[in-house]
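Work through the exercises below with the sequence and the 3D structure open. Try each task before reading its solution.

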Amino acid sequence: MERIPVVHVHGRIGQLPWQKNRGEYQRAYTPRLDSHVVMKAAEWIRIPGTESPPDQQHHRAAAELYQAERIVFLGFGYHPDNLRTLKVPEVLQQGCPQTKDGTRYVCGTAYGLKEAERHLATTRLQGTTELLPAEYDCLEVLRQSPRLTD
């Protein structure tokens, strides 16, 4: 997992015990929930639309997108604010500096999206991303996408 950069632009509810602790709240993967867990997790969540301009995580995400040969959007949603903040269409229309021909593979989940919603997402992405079948959840995408592991 350390080889695959995962950027949580809206924060996360803590690192798992096996992850390197970077001063962030750490908790086991468990259904246990009490007020302490909720309060600690809330400190690390950033709510879209309530923040100042893009922060370090947003810039890191855009840089990772630009460098990546393969990109998979899992549970992303394709909201215009997120696309704009991360500069997704602009970054993906540029050539990939890591490949000789500048190409990259980009796909994303569209779990449960109806045809009109898929069309809207495709329009927002300006044709840069293959939306996977609507019945594929995040796990199914990872199972069914050989281009991610070859």
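The exercises go from the whole chain to single residues.

The model is predicted: local features need pLDDT of at least 70, side-chain atom pairs count only at pLDDT 80 or more, and totals for chains, interfaces and linings use all residues. Residues are numbered from 1 along each chain as its sequence is written, and side-chain values use heavy atoms, with hydrogens and water left out.

**Exercise 1. The chain as a whole**

Task: State how many helices and strands the protein chain has, and in what order they run.

Solution. 
- Step 1. Helices (H or I, at least four residues) and strands (E, at least two) are taken as DSSP runs and numbered from the N terminus.
- Step 2. Counting them in the protein chain gives six helices and three strands.
- Step 3. Read from the N terminus, the order is α-α-β-α-α-β-α-β-α.
- Step 4. For burial, the cut-offs are under 20% relative accessible area for buried, over 50% for exposed, and partly exposed in between (1.4 Å probe, protein chains only). Of the 150 residues in the protein chain, 31% are buried.
- Step 5. A contact means heavy atoms within 4.5 Å. Taking contacts between residues at least 6 apart in sequence, 58% join residues at least 24 apart.

**Exercise 2. Cysteines**

Task: How many disulfides does a search of the whole structure find?

Solution. 
- Step 1. A disulfide is a covalent bond between the sulfur atoms of two cysteines. Here the test is a pair of cysteine sulfur atoms within 2.5 Å.
- Step 2. The search of the whole structure finds zero.
- Step 3. Cys96 is buried at a relative accessible area of 3%, and Cys107 is buried at 0%.

**Exercise 3. Positive phi**

Task: Where do Tyr78 and Gln126 lie?

Solution. 
- Step 1. Most residues other than glycine have a negative phi.
- Step 2. Tyr78, which is not a glycine, has a positive phi of about 60°. Tyr78 lies in the loop between strand 1 (70-73) and helix 3 (80-86), and is buried at a relative accessible area of 1%.
- Step 3. Gln126, also not a glycine, has a positive phi of about 55°. Gln126 lies in the loop between helix 5 (115-124) and strand 3 (130-131).

**Exercise 4. A nonpolar patch**

Task: Which residues make the nonpolar surface patch of about 260 Å²?

Solution. 
- Step 1. Patches are made of residues with over 30% relative accessible area and no salt bridge; like charges are joined within 9 Å, and nonpolar side chains (Val, Leu, Ile, Met, Phe, Trp, Tyr) within 5 Å. Areas come from the Shrake-Rupley method with a 1.4 Å probe, and for residues only the protein chains shown count as cover.
- Step 2. The patch is made by Ile13, Ile45 and Ile47.
- Step 3. Ile13 lies in the segment before helix 1 and is partly exposed at 44%.
- Step 4. Ile45 lies in the loop between helix 1 (35-42) and helix 2 (56-67) and is partly exposed at 37%. Leaving out residues up to four places away in sequence, Ile45 touches His10, Gly11, Arg12 and Ile13.

**Exercise 5. Salt bridges**

Task: Which residues form the two salt bridges?

Solution. 
- Step 1. A salt bridge is a side-chain nitrogen of Lys or Arg within 4 Å of a carboxyl oxygen of Asp or Glu. The count is two.
- Step 2. Glu64 pairs with Arg60, with the closest N and O atoms 3.9 Å apart. They are separated by about one helical turn because they are four residues apart in helix 2.
- Step 3. Arg84 pairs with Asp81 at 2.4 Å, N to O. Arg84 and Asp81 are three residues apart in helix 3, so about one helical turn separates them.
- Step 4. Arg84 is exposed at 55%, whereas Asp81 is partly exposed at 39%.
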